[in-house]
Amino acid sequence: MSSAGCVPLLGRVAAAVSEAIARVRPETAEADPVVRRSDRADYQSNAALPLAKRFGVPPAQLGSDIASGIDRTDGLIADVQVSGPGFLNITVSDAAVWESVVARLMDERLGIPATEDGRRVVIDYSAPNVAKEMHVGHLRTTIIGDSLARVFGFLGADVIRANHLGDWGTQFGMLIQYIDEHPESPWHTEELDDRTSSVSALDSLYKAARAQFDGDPEFADRARTRVVALQAGDPGTVDRWREIVTESEKAFGAIYDRLGVLLTPDDYVGESFYNDQLADTVTELVDKGVAVDSEGAVVVLSEQVDGPDDKPAVLMVRKRDGGYGYDSTDLATIRYRIAALRAHRLLYVTDSRQALHFQLIFEAARRVGWLTDTIEVDHVAYGTILGPDGKPFKTRAGGTVRLMDLLDEAVARVRAVVAEKNPELSPTELDTIAEQAGIGAVKYADLSTSRVKDYSFDPVRMTSLNGNTGVYLQYAHARICSILRRAGATAHAAVDVSVPLEPAERELALVLDGYGTVLDEVVESLEPHRLAGYLYGLARAYTAFYDSCPVVTAAEPIRANRIALCRLTARTLELGLSQLGIAAPQRM
């Protein structure tokens, strides 16, 4: 099947209702058929209600007219009932449902069209700071951004993953000076034991440098001199800076590998990349009248947002001393991504506290003419991770939780759960499954929550085999794989579309048919939790199906049809979990 995919049953029903509306009321040919899933039938159309109000006719009568106009000769629609004030309760034929299952099984993409084909999407996410250890605060941006990159990529977009590393600034002069004055302090990978990463050592050195900077005026002067040397391109200082960046990137890569995210060194584009573009960016903003002088500094005064003093909110484009800051870099970044990368859509995955900053960046980019109506831009904001007690997530000592420690705890808890559930697993198998399920549990706990909300990081709840957890979904997939092994299922068993559907079979097939619609919703809303919720609903629908519809012991052709439903469910769970960045083990 081509990238055009296959039209879901909901889309075909909507088209049938639209055609009927056009027959009854030709002047409303473009009206929304308002079709959705229903617990009263397969689908329900509410189109008659707004149209009746528009034309001043009884909605029940208009609903009856539309129902009569629906074509039932093509084998799609089995029944249409008018209920209440004009709702259409629509049931599709059993054959149409089975045909949808077959079409999806025959397609390597499960019938999902490449709806984003030809679009370039730049996704800015993760963005840790060089020489600082990644902590729990980096989890949400990394996981949410990675899932969006996977979904957009699957739907055909040319995705550019942009890891905007914090690799430049005055703090590096201070750190480099401290390192040079304390050569006995190890921080290179080869100098450290297996339990200490280079970035962890650098983080400790940075804290020591900050303490000395604050308490020793002479060291502070030497550090400021080193900042000037770095900015001027002094070879020895720049070489040391590059060493620090390289060691930090190694540590980031280890965490990305363990998390199973798509980010690679090729995606690292730090703040330093834009240094030689800052002056031109400021010049363009000034020449076009967007940036203005303010007591020796260059600023952009917002035309849309006022600050707490009731004066326009400000972007600092260039400081009084001629230096540049985050505002300058982010303006140069959006300029580059539009002009050089030719992005059609820009996504910035950062926490909600940066909402005002990006609102001002986007406003300035529009006023200067970089952002046009043909380019979409979104701040993909997210809430805070809280501890199990609902308070900000901290260590017992009140410090920030290291990301690696958090992952270790989740993996250890899952290992215990799986070992109790499946004691015959070998230690090697158990370690592999525990790592996949532990990392998956952490990711799913985040991605199953609406990104704009805060959520509590509770390792006990997130590693449970029951309820809306990643472990539950992985176990559901492994269970189906086990059933297929016991059934000796072949890859191309025929489906008999004339076999009547049991209610649980119908429900499962209709849920499976809605997969592509959910992916489109993720792209529209930038909310991966919609996909997570869909997969949980799919797993529950499969459980209901399996509890009431024997598979292995069923007679043919029912057995082959039910195996087909099992195969399609397993493949949909596997693909959907992969789009959340979660593994789908075949055994657990």
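Select Leu301 and look across to E9, where Val314 stands opposite. Helices (H or I, at least four residues) and strands (E, at least two) are DSSP runs, numbered from the N terminus. Before moving on, note that this is a predicted model: local features need pLDDT of at least 70, side-chain atom pairs count only at pLDDT 80 or more, and totals for chains, interfaces and linings use all residues. Residues are numbered from 1 along each chain as its sequence is written, and side-chain values use heavy atoms, with hydrogens and water left out.

**Stop 1: the sheet**

Show strand E8, residues 297–306, together with E9. The two pair in the antiparallel sense over five bridges. Strands count as paired if DSSP finds at least two bridges between them.

The open sheet has three strands in the order E7-E8-E9, with antiparallel pairing. Strand E7 (292–294) and strand E9 (312–318) stand at the edges, each with a single partner strand, so one side of each has no neighbour in the sheet. On average, neighbouring strands here are turned by 50° against each other, direction ignored.

Next, select helix H12, residues 355–368. H12 packs on the sheet and touches E8 and E9. Its direction makes about 105° with that of E8. Angles run from 0 to 180 degrees between N-to-C directions; axes are lines fitted to C-alpha atoms, for helices over the stretch in contact.

**Stop 2: Thr333**

Go to helix H11, residues 326–339, and pick Thr333. Is Thr333 buried or exposed? Thr333 is buried, with a relative accessible area of 1%. (Buried means under 20% relative accessible area, exposed over 50%, partly exposed in between, with a 1.4 Å probe and protein chains only.) Show His164 and Tyr274 too: Thr333 is in contact with both, leaving aside its neighbours within four places in sequence. Contact means heavy atoms within 4.5 Å.

**Stop 3: H4 and H17**

Select helix H4 (residues 94–105) and helix H17 (residues 503–513). They pack at an angle of about 50°, with axes 10 Å apart. That makes H4 oblique to H17. Angles under 35 degrees count as roughly parallel, over 145 as roughly antiparallel, 65 to 115 as roughly perpendicular and the rest as oblique.

Show side chains. H4 contributes Asp94, Val97, Trp98, Ser100, Val101 and Arg104 to the contact; H17 contributes Glu505, Arg506, Ala509, Leu510, Leu512 and Asp513. These divide into six nonpolar, one polar and five charged residues. Ala, Val, Leu, Ile, Met, Phe, Trp, Tyr, Cys and Pro count as nonpolar, Asp, Glu, Lys and Arg as charged, and the others, Gly among them, as polar.

**Stop 4: H5 and H18**

Move to helix H5 (residues 139–154) and helix H18 (residues 515–525). Their axes come within 10 Å and cross at roughly 125°. H5 is therefore oblique to H18. Which residues make the contact? Pick Leu148, Val151, Phe152 and Phe154 of H5, then Leu519, Val522 and Val523 of H18. The count is seven nonpolar, no polar and no charged.

**Stop 5: H14 and H16**

Finish with helix H14 (residues 427–447) and helix H16 (residues 470–487). The angle is about 130° and the axes are 8 Å apart, so the two are oblique to each other. Gln436, Ala437, Gly440, Ala441 and Tyr444 of H14 meet Gly470, Val471, Leu473 and Gln474 of H16. Five of the contact residues are nonpolar, four polar and none charged.
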